[in-house]
Number of protein chains: 2
Amino acid sequence: MKILLNPPKQNWLALTQRPQTRKETLTDLVIKVFNEVKIKGDSAVINYSKQFDAVELTNISVSKETIANAEKSISNELKNAIQIAKSNIQKFHIAQKEKVNKIETTLGVQCWRESRAIDSVGLYIPGGTAPLFSTVLMLGIPAMIAGCKNIVLCTPPNKNGEIDNAILYTAALIGITNVFCVGGIQAIAALTYGTETIPKVKKIFGPGNQYVTAAKQYAQNNGVAIDMPAGPSEVLVIADNTANASFIAADLLSQAEHGADSQVILLTDSFKIAEAVNTEIDFQINELPRKALAAEALKNSKTIVLQNLTECIDWSNLYAPEHLILASDTAETMVYKITNAGSVFIGHYSCEAVGDYASGTNHTLPTNGFAANYSGVSIDSFVKKITFQQLSVEGIINIGPTVEVMAEAEQLLAHKNAVTVRLRSLGG
Amino acid sequence: MKILLNPPKQNWLALTQRPQTRKETLTDLVIKVFNEVKIKGDSAVINYSKQFDAVELTNISVSKETIANAEKSISNELKNAIQIAKSNIQKFHIAQKEKVNKIETTLGVQCWRESRAIDSVGLYIPGGTAPLFSTVLMLGIPAMIAGCKNIVLCTPPNKNGEIDNAILYTAALIGITNVFCVGGIQAIAALTYGTETIPKVKKIFGPGNQYVTAAKQYAQNNGVAIDMPAGPSEVLVIADNTANASFIAADLLSQAEHGADSQVILLTDSFKIAEAVNTEIDFQINELPRKALAAEALKNSKTIVLQNLTECIDWSNLYAPEHLILASDTAETMVYKITNAGSVFIGHYSCEAVGDYASGTNHTLPTNGFAANYSGVSIDSFVKKITFQQLSVEGIINIGPTVEVMAEAEQLLAHKNAVTVRLRSLGG
């Protein structure tokens with residue numbers, strides 16, 4: 001990776017900019033597909049699957065038998081690993097459930113919040129080069145814990161109309177039975193409007209290519225919520241001279257192999273580490289089957305050598321990385337200074353790959369600088385938090401006059417009157 | 001209000017539809033203003049304030065003296081009321097702060113979340129017929145509690161370039177010092193890009209007219225987050241024969257006075273109550289200064305008489321009201337059945353006006369059916385929840401092999417290698 005030495009602070013903001021992703025004008029195409037799916041339902045979904053994905057779908061829905069049979073082709077070793085990951089992800093996400101906490105703000109005025117699941121959610125699992133069954137875990141488990149009644153999974157099939165067995169096995173394991181072999185814009189359109197076969201949902205989750213991203217964006221115009229804006233995946237490593245160059249190189253490459261547009265940044269106060277990591281990358285990259293993709297991603301990537309770890313943390317907060325690895329003996333002392341990041345990996349043995357799969361944290365995280373204003377997926381993403389309030393007679397007597405004064409000052413006399421009629425009925 | 005008697009269930013969904021709001025094509029105008037503010041900064045803001053709001057701004061920024069002097073023109077009675085409301089809103093929102101809860105998902109694998117404030121937030125307070133200082137409380141207090149460092153308040157001035165003193169007093173009371181007398185599209189554009197005077201922010205909050213709404217929508221294309229999609233305000237009352245018709249009429253009118261596009265719905269199992277409420281409305285409306293607005297809103301509104309309270313709750317969940325009032329002796333028993341609502345008011349003395357101003361709950365809530373998939377504003381709206389994980393040597397030994405198996409099955413060998421290099425260094 002290219003090494004930058006102590007860039008002046010006035011250049012930092014420019015350095016944090018991600019490369020412009022090509023913004024093709026997909027809107028017209030998205031609107032066309034949405035309109036057709038809205039009117040023609042399943043037949044439009046089938047036609048577009050033929051046109052875009054070169055697959056002749058006889059069934060959009062994956063049968064119970066196909067889902068049940070999937071496990072036969074999964075090794076016990078993989079089943080066991082998926083089950084361990086599931087257990088950890090469950091433990092971490094169950095702990096996010098909010099307990100009801102009633103607050104008596106004024107004597108006789110009780111206020112609280114209760115979570116209610118979003119009724120119907122759509123989980124989009126991308127197809128492509130690798131079967132991302134881990135994303136089924138990361139979206140399906142919190143949806144289940146939140147209590148979403150209708151969980152609909154869409155994923156593009158291969159040319160034979162089939163879905164990877166690891167995806168089906170994982171879906172079955174966590175109890176998802178509504179699986180549809182549809183991908184791309186047509187899948188998002190179907191989840192937005194509903195078709196004869198695919199149920200309409202209230203919120204759509206999951207990563208995807210530029211077509212899926214544009215379609216999710218557009219779905220929002222039709223009352224559907226989405227998990228977060230999307231962008232290429234990224235990792236930032238902060239390392240000092242206590243770091244292990246081999247570990248860091250492996251972490252940077254694990255991000256780089258995602259695709260040519262992946263973002264990989266190393267910040268360090270040690271030029272020696274910067275060089276050692278480059279040497280390790282050159283060595284490790286040769287072993288990788290996805291070497292070409294990783295090499296392409298590394299061209300956009302950079303190592304920045306700064307004066308000290310404080311500068312590294314400041315730069316990282318400005319960049320707001322999706323994944324942040326703190327590779328230092330003093331990693332723990334940096335935690336409270338981290339203000340913008342999706343997920344943080346503390347110390348030499350906390351590699352991103354562990355969080356991607358099995359430690360329990362969610363891997364659906366804000367990218368492209370959105371870690372400055374969005375959180376990753378959690379139980380919160382699958383619920384609404386409804387506020388409740390209950391006033392006793394004492395409560396309205398205590399708080400009523402305050403409301404009357406404020407409503408009058410805002411010239412909202414009917415608001416005032418809603419209190420006055422009650423106070424008057426109590427002899428006030 | 002028009003009374004519908006037991007509409008058949010197949011018509012329910014159609015009945016829950018809000019009237020189509022006129023969707024004027026504001027996009028071109030929004031893009032024009034955004035581009036000009038981006039390039040010309042303050043001078044564009046000043047020009048558009050002249051063009052749209054007929055105000056000659058000499059200072060965009062409201063001076064410290066003006067803010068400090070505002071309290072002189074506020075009555076002690078109003079100051080006292082605002083301070084009580086502030087105290088209640090603080091109590092309720094402080095309780096929403098999430099405590100750090102470390103979960104050891106596997107021996108040696110610690111995972112947790114920590115909240116970090118969104119660094120810079122913009123609060124938009126609408127101008128218009130009434131000075132909405134209550135919205136300053138509802139947005140400013142959680143922003144302060146969350147710890148947002150830069151809180152920027154924009155609100156349109158009157159024709160003399162002045163801002164209502166109650167707004168300034170409330171801002172000062174909660175510690176907001178960055179106040180700008182700018183409204184409309186140009187305010188949202190300034191918050192999005194920043195100008196010489198107005199700081200750029202990461203998230204924009206607050207209600208507004210169709211121009212502000214369109215501008216907030218467009219701001220999202222520039223990396224800015226927004227609180228929620230907007231629509232006209234609404235209330236739904238569920239009442240049985242234990243309800244007080246006078247209270248309900250007052251509650252319906254308090255919503256109706258907001259504007260001609262307000263939505264007001266009464267659901268009841270008692271035709272007698274339906275009629276009594278209509279009689280009360282006809283009586284109470286004559287006393288209201290905003291009678292004309294309220295009468296207009298009531299034209300879009302309806303009473304629906306259903307078989308029983310269970311049907312009322314089902315219909316309400318389908319409608320997903322912003323405000324839901326449960327006017328029944330048995331209100332408490334309905335709470336767990338409510339799945340879609342912004343804020344719920346339980347029993348005869350819990351009127352919406354109390355929550356609008358002073359009970360402590362937030363009044364910035366999802367409308368237009370969005371209560372089915374969005375929450376109202378809370379502390380959560382002003383923070384990101386960052387996940388952290390820390391693995392000990394024991395942790396990576398315990399979880400590493402699981403990650404290796406999963407990464408290999410997803411054909412992401414560099415992910416696997418990030419674990420392998422660590423296990424190998426430990427003699428694994």
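Two strands count as paired if DSSP finds at least two bridges between them. Strands are DSSP runs of E with at least two residues, numbered from the N terminus. The model is predicted, so local features need pLDDT of at least 70 and side-chain atom pairs count only at pLDDT 80 or more, while totals for chains, interfaces and linings use all residues; side-chain values use heavy atoms, with hydrogens and water left out. Residues are numbered from 1 along each chain as its sequence is written, and chains are lettered from A and ligands numbered from 1 in the order in which they are written.

Start where strands cross between the chains. Strand 14 of chain A (residues 383–391) runs parallel to strand 13 of chain B (residues 343–346), and four bridges join them. Take A:Thr387 as a landmark: its bridge partner in strand 13 of chain B is B:Ser343.

Now take in the whole interface. In chain A, 114 residues are in contact with 114 residues of chain B, where contact means heavy atoms within 4.5 Å. About 9,900 Å² is buried between chain A and chain B, and carbon and sulfur atoms give 60% of that area. Buried area is the accessible area (1.4 Å probe) that two parts lose on being put together, summed over both.

Six salt bridges are counted between chain A and chain B. Each is a side-chain nitrogen of Lys or Arg within 4 Å of a carboxyl oxygen of Asp or Glu. One salt bridge joins the side chains of A:Asp380 and B:Arg113, at 3.4 Å from N to O. By class, the side of chain A that touches chain B has 61 nonpolar, 36 polar and 17 charged residues. Here Ala, Val, Leu, Ile, Met, Phe, Trp, Tyr, Cys and Pro count as nonpolar, Asp, Glu, Lys and Arg as charged, and the others, Gly among them, as polar.

How are the two copies related?

Next, look inside chain B. Five strands form an open sheet in the order 6-5-4-7-8, with parallel pairing. Its edges are strand 6 (178–180) and strand 8 (225–226) of chain B, each pairing on one side only. Three bridges join strand 5 (residues 150–154) to strand 6 of chain B. There, B:Val152 has B:Asn178 as its bridge partner.

Finish with a hairpin. In chain B, strand 2 (residues 103–106) runs antiparallel to strand 3 (residues 109–117). B:Ile103 is partnered by B:Cys111. Two residues lie between these strands, and B:Gly108 in the turn has a positive phi of about 90°.
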